[in-house]
Amino acid sequence: MDIKIIPVQTRRDLKTFIHLPAKIHKNHHNWVPPIYMDEWHFFNPHKNEAFSHADTILLLAEKNGEVAGRIMGIINHLYNEIHNIKEGRFCVLETYEDFEVANALVNAIQEWSAAKGMSSLVGPVGFSDKDPQGFMIEGFNEPVVIATNYNFPFMIDFMNRMSFTKKVDLVVYKVMVPEIIPEVYKKINERILLNNPEIKVVSFNSKRKIIPYVKPILNLVNETFKDIYGFAPLSDKEKSEFASKYLPILDPRFLKVIENGKKEVVAFVLGMPDISEGIRKCKGYVLPFGIFQILWAQRKTKQLDLLLGAVRPDYRDIGLNAVMGLHLIQEAQKRKIEYLDSHLELEDNLKMRAENERLGGVVYKRFRVFEKPLND
């Protein structure tokens with residue numbers, strides 16, 4: 001056995017790195033390729049602002065002369081400073097069912113992190129919780145959605161064999177859209193709006209009308225997500241990058257914003273009709289014609305993926321989640337959406353979990369972030 005760990009140094013290396021998962025998952029049920037133009041942007045330090053506050057390393061593994069795995073190491077200095085920790089991260093780990101290759105890659109990141117003074121290694125976690133995080137541990141037969149990992153079950157066994165333990169689990173709910181909204185939900189919505197006459201639900205019918213709300217929404221994300229595991233505040237440049245990535249494919253009907261009497265954004269929820277089948281059909285290539293397959297998939301899907309949501313701290317506990325949820329479900333009914341995917345929720349986020357369960361949601365996927373202490 002001959003395993004070599006090779007740093008990614010050239011554009012050719014990076015191309016191999018980016019396209020390796022398609023080979024590994026060639027016959028993997030439900031796997032969806034990345035959008036490759038986004039991948040080239042994500043791994044480019046000159047275009048991805050997140051590199052400005054992190055140390056990174058990209059590695060390939062060769063076994064017997066063939067590329068057999070990849071991994072990325074990250075030290076997010078901004079996150080570490082905010083939380084006063086020394087945490088190294090690994091992400092985008094991909095291998096065939098070969099423990100020796102996976103172990104060699106992870107060991108390389110462990111050594112790199114330890115050499116930089118880190119006391120622990122966690123993963124899979126990217127620059128922020130907006131990147132895919134956690135290995136799937138339940139729900140392998142369920143469809144994949146954007147911005148989540150889809151690993152083989154053997155990867156969990158590999159983590160255990162490498163002496164990693166659970167850091168945190170994240171759950172995903174499946175919420176069926178009722179044909180008729182129960183009267184109790186309508187009455188709750190009416191009572192909340194009556195008791196809080198200064199708030200207003202803002203809906204959209206065009207992307208152009210969303211633009212003035214982008215910055216206030218992402219400012220609210222920074223304010224409300226600061227204590228959520230894995231989150232690092234978005235810089236102005238990162239806010240622009242986030243908006244440019246998602247705005248072209250958003251359906252404005254599935255953004256709901258709540259303003260107060262001062263026209264301040266105090267809450268929002270954002271969903272998107274699932275585009276996974278379109279990405280699969282165009283094999284991750286949006287240009288020149290893949291965008292049409294993605295947009296067609298959006299129109300045909302029966303699934304709505306929830307991407308993001310937040311409520312300003314001083315407006316929590318008055319039921320704004322219920323108001324936004326009701327309005328989103330009403331839009332889903334008009335669009336003949338059958339169910340919602342909640343995206344990743346931290347297992348200890350009991351308020352959001354209760355909202356999903358109040359709507360009849362059940363956990364149908366679970367992801368795990370692993371951790372391991374590093375020796376001095």
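**Aromatic pairs**

Author: Start with Phe43, which counts as buried because its relative accessibility is 4%. Buried means under 20% relative accessible area, exposed over 50%, partly exposed in between (1.4 Å probe, protein chains only). The model is predicted: local features need pLDDT of at least 70, side-chain atom pairs pLDDT 80 or more, while totals for chains, interfaces and linings use all residues. Numbering runs from 1 along each chain as its sequence is written, and side-chain values use heavy atoms, without hydrogens and water.

The count comes to eleven aromatic pairs. Rings of Phe, Tyr and Trp (its six-membered ring) pair if their centres lie within 6.5 Å; planes under 30 degrees apart are stacked, over 60 edge-to-face, the rest tilted.

Take Tyr36 and Tyr285. They form a tilted pair. Tyr36 sits in helix α2, residues 36-42. Tyr285 sits in the loop between α9 (276-281) and α10 (290-300). The pair therefore ties together parts 249 residues apart in sequence. Helices are DSSP runs (H or I, at least four residues), numbered from the N terminus.

Now back to Phe43. It pairs with Phe42 edge-to-face. Here the centres are 4.9 Å apart, with 90 degrees between the planes. Phe42 has 18% relative accessibility, so it counts as buried.

Phe42 and Phe43 also belong to one aromatic cluster. Phe17, Phe51 and Phe127 complete that cluster.

Terms used
Helices (H or I, at least four residues) and strands (E, at least two) are DSSP runs, numbered from the N terminus.
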